[in-house]
Amino acid sequence: MQKVLLACFLFVFLTASLFLYYPSTQDYFSTRDDFIWMQRGHEALSHPELFFTTTVFGSLRPIARLVFGLEYRIFGLNPYPFHLFNLGVYALVGMLFWMLIYQTTKHAMSAFLGLAFFLFIPSYTYNMFWL
């Protein structure tokens with residue numbers, strides 16, 4: 001019974017985060033930075049050594065570059081699937097974060113409090129801007 005209750009709470013939190021951030025999927029890409037990331041990611045798919053030898057805006061982020069490149073290759077310049085995919089990744093990371101806290105503390109309320117901070121605290125709105 002306790003596992004079912006925990007799963008229900010987790011479902012409610014993740015659904016609330018998807019509901020809260022879903023309007024961001026209706027936007028176009030935010031700045032030209034997005035297009036540069038997509039272009040550099042797309043180039044790196046053809047030349048894999050670029051993932052680890054060149055930077056984008058002074059930072060070496062091979063996983064972000066890979067994701068942007070794959071999203072560009074799959075979705076083109078349609079922003080809706082980009083945003084929807086990234087929102088799904090955000091919810092998945094939230095679920096993994098909850099699992100990490102719960103496995104570490106064995107205390108469900110601590111895990112849900114940590115998840116609430118992760119999903120809803122205003123300092124993360126900047127991260128959500130880039131979804």
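Which residues in α4 meet which residues in α5? Val67, Phe68, Glu71, Tyr72 and Phe75 in α4 meet Pro81, Phe82, Phe85 and Asn86 in α5, where contact means heavy atoms within 4.5 Å. By class, this contact of α4 with α5 has 7 nonpolar, 1 polar and 1 charged residues; Ala, Val, Leu, Ile, Met, Phe, Trp, Tyr, Cys and Pro count as nonpolar, Asp, Glu, Lys and Arg as charged, and the others, Gly among them, as polar.

The model is predicted, so that local features need pLDDT of at least 70 and side-chain atom pairs count only at pLDDT 80 or more, while totals for chains, interfaces and linings use all residues. Residues are numbered from 1 along each chain as its sequence is written, and side-chain values use heavy atoms, with hydrogens and water left out.

Helices here are DSSP runs of H or I with at least four residues, strands are runs of E with at least two, and both are numbered from the N terminus. Of the 131 residues in the protein, 34% are buried, a term that means under 20% relative accessible area, with exposed meaning over 50% and partly exposed lying in between (1.4 Å probe, protein chains only). The accessible surface comes to about 8,400 Å², and 72% of that surface belongs to carbon and sulfur atoms; such areas come from the Shrake-Rupley method with a 1.4 Å probe, and for residues only the protein chains shown count as cover. Among the contacts with a separation of 6 or more, 63% are accounted for by residues 24 or more positions apart.

Two packed helices are described by the angle between their axes and the distance between the axes. The axes are lines fitted to C-alpha atoms, for helices over the stretch in contact, and the angles run from 0 to 180 degrees between N-to-C directions. For helix α4 (residues 62–75) and α5, the axes come within 10 Å and cross at roughly 135°. The two helices α4 and α5 are therefore oblique to each other, given that angles under 35 degrees count as roughly parallel, over 145 as roughly antiparallel, 65 to 115 as roughly perpendicular and the rest as oblique. The crossing of α4 and α5 is right-handed; a crossing has this hand if the near helix is turned clockwise from the far one by less than a right angle, and is left-handed if the turn is anticlockwise.

Helix α5 also packs with α1 (residues 2–21), at an angle of about 145° and with the axes 10 Å apart, and α1 passes α5 in a right-handed crossing. On the α1 side the residues are Gln2, Leu6, Leu10, Leu14, Leu18 and Tyr21, and these meet Leu87, Tyr90, Ala91, Gly94, Met95, Trp98 and Tyr102 in α5. This contact of α1 with α5 divides into 11 nonpolar, 2 polar and no charged residues.

A further partner is α6 (residues 108–120), whose axis comes within 8 Å of that of α5 (residues 79–105), the two crossing at roughly 150°. That angle makes α5 roughly antiparallel to α6, and the crossing of α5 and α6 is right-handed. From α5, the contact is made by Tyr90, Val93, Gly94, Phe97, Trp98, Ile101, Tyr102 and Thr105, and from α6 by Ala108, Ser110, Ala111, Phe112, Gly114, Leu115, Phe118 and Leu119. Its residues comprise 12 nonpolar, 4 polar and no charged.

Between α5 and α6 runs a loop that holds lysine 106. Most residues other than glycine have a negative phi, whereas phi of lysine 106 is near 60°, a positive value. Lysine 106 is exposed, with a relative accessible area of 56%.

Some single residues complete the picture. Tyrosine 80, in helix α5, counts as partly exposed because its relative accessibility is 32%. Leaving aside neighbours within four places in sequence, tyrosine 80 is in contact with Tyr22, Thr25 and Gln26, and the C-alpha atoms of tyrosine 80 and glutamine 26 are separated by 6.3 Å although the two lie 54 residues apart along the chain. In helix α4, leucine 66 is partly exposed at 34% and touches Leu45 and Phe51, not counting residues up to four places away in sequence. Alanine 64, also found in helix α4, is partly exposed with a relative accessible area of 27%, and its C-alpha atom is separated by 8.2 Å from that of glycine 41, 23 residues apart along the chain.
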